[in-house]
Amino acid sequence: MSDPTARPEQAFVLELQDVAKSFGAVAALRSGTLRVAPGSIHALVGENGAGKSTLVKIVAGVHRRDAGVFEFQGKAVDFSSTAESKSAGVAVIYQEPTLFPDLSVAENIFMGRQPLGAARRIDRARMYAESEALFERLGVVLDPRRPARGLSIADQQIIEIAKAISLDAALLIMDEPTAALSGVEVDRLFAVARSLRDEGRGLVFISHRFEEVFDLCDTVTVMRDGSYVSTQQIAETSVDKLVAEMVGREVTELFPKTPAEIGEVVLDVADLNTAGVFHDVSFQVRAGEIVGLAGLVGAGRSEIARAVFGVDSYDSGTVTMNGHRIAPRNPRAAIRAGIAFVPEDRRKQGLVTEASVARNIAAVIRRGLTTAGLLTTRAENRAAGPWAAKLEVKTSALDMHAATMSGGNQQKVVIAKWLATDPKLLIIDEPTRGIDVGTKSEVHRLLSDLAGQGLAILMISSELPEVLGMADRVLVVHEGRITAELDRAEANPENIMRAATNADPAHQAAVQSDEEVPA
Amino acid sequence: MSTLTPESTSDSPSVARTYAAFSRPMWQRVIFSREFAVIALLIAAVVYSRSEVAYFDGPQTMYYLFRDTASVLLLALPMTAIIITGEIDLSVASTVGLTSVAFGMLYDDAGLSATTAALIAIGIGVLCGAFNGFLIAYVGLPSIAVTIGTLALFRGIAAGLLGTESRTDFPEAWTDWAKERIFEDQPYPMILIPFAVLAIVFTLLIHFSPFGRGIFEIGQNDEAAHFTGVNVARTKAILFVLSGAVAGFVGIYTTLVTGVARAENSTGLELSVIAAVLLGGVSIFGGKGALHGVLAGVLLIGVIQRAMLLNGETINVINIVIGVLLVLSVMSTSLLAAARRVVEASRGARSSGRSSHSAGKRSLS
């Protein structure tokens with residue numbers, strides 16, 4: 001099946017051939033081709049902007065194609081709404097599902113088609129029973145009566161999947177489902193995906209993480225610049241080959257951290273505590289050093305970073321920059337002390353997407369750009385332009401809104417904004433989440449260069465290869481505690497995962513007693 | 001940090017990239033703006049009224065137009081900033097009523113000098129604003145709920161102080177000033193001078209200061225503003241205090257120009273202010289707007305009202321026209337925004353497509 005056209009007798013669940021879609025003068029999709037067989041997990045990979053999302057939206061009925069063949073379960077279709085695609089048997093599970101937070105899990109699954117009992121009243125008992133049966137089939141434990149609010153993203157995805165199964169979807173499309181999941185959650189999702197495959201459903205899996213693609217999928221289709229590149233069996237390809245096809249060139253080194261001279265202690269965090277979030281967190285970051293903060297999503301890594309920067313408060317402990325204590329819950333004080341913070345959620349926390357590129361880049365330094373207290377757009381543009389250029393932000397003009405940019409470009413804007421403050425410490429939370437491969441290696445090179453120039457960097461990352469490739473030292477966080485500190489030489493996927501999942505209690509106890517000795 | 005350029009570019013002819021400051025030429029940015037549409041409508045209304053409406057051109061019309069819209073013009077200044085942050089202040093007219101009563105009683109009953117009474121009245125306005133600001137910015141209550149409450153509270157205090165009575169004895173120099181014209185033969189009342197000063201101050205504050213950038217960021221994305229070091233709570237509190245202070249000033253002006261201090265002064269004026277701010281192109285969801293559009297919006301409503309009055313229309317008909325205009329303007333905001341999104345999306349996608357294409361070429365060379 002390495003050549004999908006070689007077996008025309010094979011009935012595909014989904015068949016797209018040379019599908020095109022333009023928005024105005026922009027061709028988002030030139031020739032999208034995708035054939036998904038039943039009982040198969042099909043990976044769809046490509047850089048951001050390769051046209052994957054547009055392709056998915058056409059299948060989901062969000063957009064209508066301009067040209068090309070679109071067949072679903074052997075019949076030519078042309079979905080004009082998401083309702084139409086859903087009733088035909090297409091389910092799309094997005095990275096961040098949108099549930100009704102105040103309704104129960106079961107109500108979310110049966111939204112709009114609740115089982116009715118006598119006098120057309122909603123039959124809750126049956127709804128709960130059916131939900132439980134669905135979860136049992138998926139092998140997950142979830143209470144159908146609890147409200148959706150407060151559920152992890154992983155659980156929310158499971159609800160979406162349960163909804164899809166209750167609708168008997170023949171095709172499930174998962175758009176970067178693992179981006180916000182921890183290792184255990186990914187495993188559970190994959191188990192569910194495999195059982196759905198074994199039931200004969202077709203699955204499409206979109207991911208930037210190759211290890212997951214190789215672990216889960218049997219077939220892979222590569223897209224580039226809105227066009228189909230290749231379809232091949234997973235067993236017959238390799239990461240290098242896929243990356244080369246995605247970017248159209250060889251990416252030799254993804255994680256190029258070069259050794260830098262490690263200097264004085266810049267950041268000193270001592271006994272930081274917030275009840276129920278993190279406990280006794282103590283660590284240092286030195287000039288020229290990249291410290292990786294590893295661990296599962298939800299372990300408290302981002303919360304520690306947010307407390308250090310002062311967007312959140314903490315109960316006790318101290319944060320010291322270059323020997324000076326920083327007042328808690330005061331981001332301005334942290335900025336003055338030389339801390340820069342590139343947060344986890346670019347679109348919500350990192351930048352103002354409705355504001356221009358220039359205003360975003362100048363957002364932190366604008367107080368220094370005033371003349372007689374007055375700030376002009378001209379002054380902001382003059383300050384922002386060079387930083388946009390240094391980071392090679394792709395935009396036609398400085399007044400373009402950040403909303404229209406790709407994730408990688410937005411991340412460059414956020415980094416530019418903080419580098420413009422001439423920081424001494426850069427805290428960067430998930431530096432390359434949702435970023436295409438090309439920009440990813442640019443960001444890694446940049447971080448390496450910055451460390452080489454003496455910047456202290458605290459990097460939070462859920463991608464092990466990134467942590468292992470970039471960090472001089474790895475701190476592993478498990479349930480709000482630092483459970484391991486590993487040098488670059490001793491860090492490997494096994495010992496990081498062991499500390500992150502607390503698989504080795506003896507090891508953890510040893511580390512904790514070490515930490516209790518006052519440094 | 002001048003060597004930040006990633007090595008990835010060192011193998012290409014790396015010319016430091018420069019960016020155009022604006023994606024559209026100046027005239028397009030001016031003409032295709034919401035504010036320009038309101039200003040054009042205002043000019044059209046004035047031109048039409050002058051030629052078609054009897055007595056609109058008369059010596060008194062413009063004078064009374066300015067004198068009567070002055071309160072709304074003044075209150076619209078802080079209201080614009082507050083609505084841009086995504087909040088609202090429904091209590092301004094009640095603050096006007098309370099400070100009017102306070103000014104009258106302090107001068108007439110307590111026997112203070114007019115200057116002292118005025119300063120205390122403005123101080124009361126500041127306190128009213130600070131009370132709103134504290135509950136909204138620091139306690140974190142929704143401004144619409146808080147200011148509905150204080151709308152009743154401040155008016156209630158005013159009524160409690162003076163009941164149905166009124167105070168009408170004010171120094172002649174002050175009441176004359178409120179009715180005087182700047183130039184003898186021109187239709188500009190004196191109040192336009194303090195208004196012009198405040199308008200300049202608020203323009204600089206909203207559009208030409210780091211503080212003002214924070215106002216817009218809070219309205220667009222308060223979480224990102226917080227992560228950027230903007231003090232969200234303090235910014236909001238300051239704006240509500242400013243709103244209270246301006247309301248205090250308007251309370252004194254209203255008292256002087258009408259010659260009466262009483263609890264019902266300016267009842268319902270907050271809705272005129274908010275209507276004008278929205279007509280002027282400020283988004284009720286925050287993050288968008290400009291002061292010149294708002295001021296044009298206030299004057300546009302004033303011109304339409306006066307022209308229709310001169311034409312002999314009843315107040316009900318006038319309200320219907322103003323109401324329809326407001327609904328249309330709010331609709332046009334969403335329609336315009338949708339149109340702009342489509343244009344910008346295609347523009348953005350095209351430019352990023354172009355640059356990724358050139359990036360591809362570069363890496364091949």
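Student: Which side chain does the side chain of Ser302(A) join in a polar contact?
Tutor: That of Glu344(A), at 3.3 Å. A polar contact is a pair of N or O atoms within 3.5 Å; within protein, one must be able to donate a hydrogen and the other to accept it, and residues adjacent in sequence count only if both atoms are side-chain atoms. This is a predicted model: local features need pLDDT of at least 70, side-chain atom pairs count only at pLDDT 80 or more, and totals for chains, interfaces and linings use all residues. Side-chain values use heavy atoms, without hydrogens and water, residues are numbered from 1 along each chain as its sequence is written, and chains are lettered from A and ligands numbered from 1 in the order written.

Student: Is Ser302(A) buried or exposed?
Tutor: Buried, at 11% relative accessible area. The cut-offs are under 20% for buried and over 50% for exposed, with partly exposed in between (1.4 Å probe, protein chains only).

Student: What else is Ser302(A) in contact with, leaving aside neighbours within four places in sequence?
Tutor: Asp429(A) and Ile460(A), along with Glu344(A). Contact means heavy atoms within 4.5 Å.

Student: And which helix holds Ser302(A)?
Tutor: H9 of chain A, residues 301–309. Helices (H or I, at least four residues) and strands (E, at least two) are DSSP runs, numbered from the N terminus.

Student: Switching topic. What are the domains of chain A?
Tutor: Domain 1 is 4–99 + 151–247, and domain 2 is 265–338 + 423–516. Such bounds come from an automatic or database domain assignment. The contact takes 15 residues from domain 1 of chain A and 10 from domain 2 of chain A. Their centres, taken over C-alpha atoms, are 34 Å apart.

Student: How much area is buried between domain 1 and domain 2 of chain A?
Tutor: About 990 Å², with carbon and sulfur atoms giving 59%. Buried area is the accessible area (1.4 Å probe) that two parts lose on being put together, summed over both.

Student: How many salt bridges cross that interface?
Tutor: The rule finds 0 between domain 1 and domain 2 of chain A. A salt bridge needs a side-chain nitrogen of Lys or Arg within 4 Å of a carboxyl oxygen of Asp or Glu.

Student: Which helices each supply at least two residues of the domain 1 side?
Tutor: H6 (183–198) and H8 (239–247) of chain A. H8(A) gives the most, with 3 residues.

Student: What about Glu392(A), buried or exposed?
Tutor: Buried, at 17% relative accessibility. Phi of Glu392(A) is positive too, about 55°. The residue is in the loop between H13 and H14 (407–419) of chain A.

Student: On to chain B. How many helices and strands?
Tutor: Chain B has 13 helices and 0 strands. Of its 365 residues, 50% are buried.

Student: What does the side chain of Thr147(B) reach?
Tutor: The backbone nitrogen of Leu90(B), at 3.1 Å. Thr147(B) sits in helix H6 of chain B, residues 143–162. It is buried, at 0% relative accessibility.
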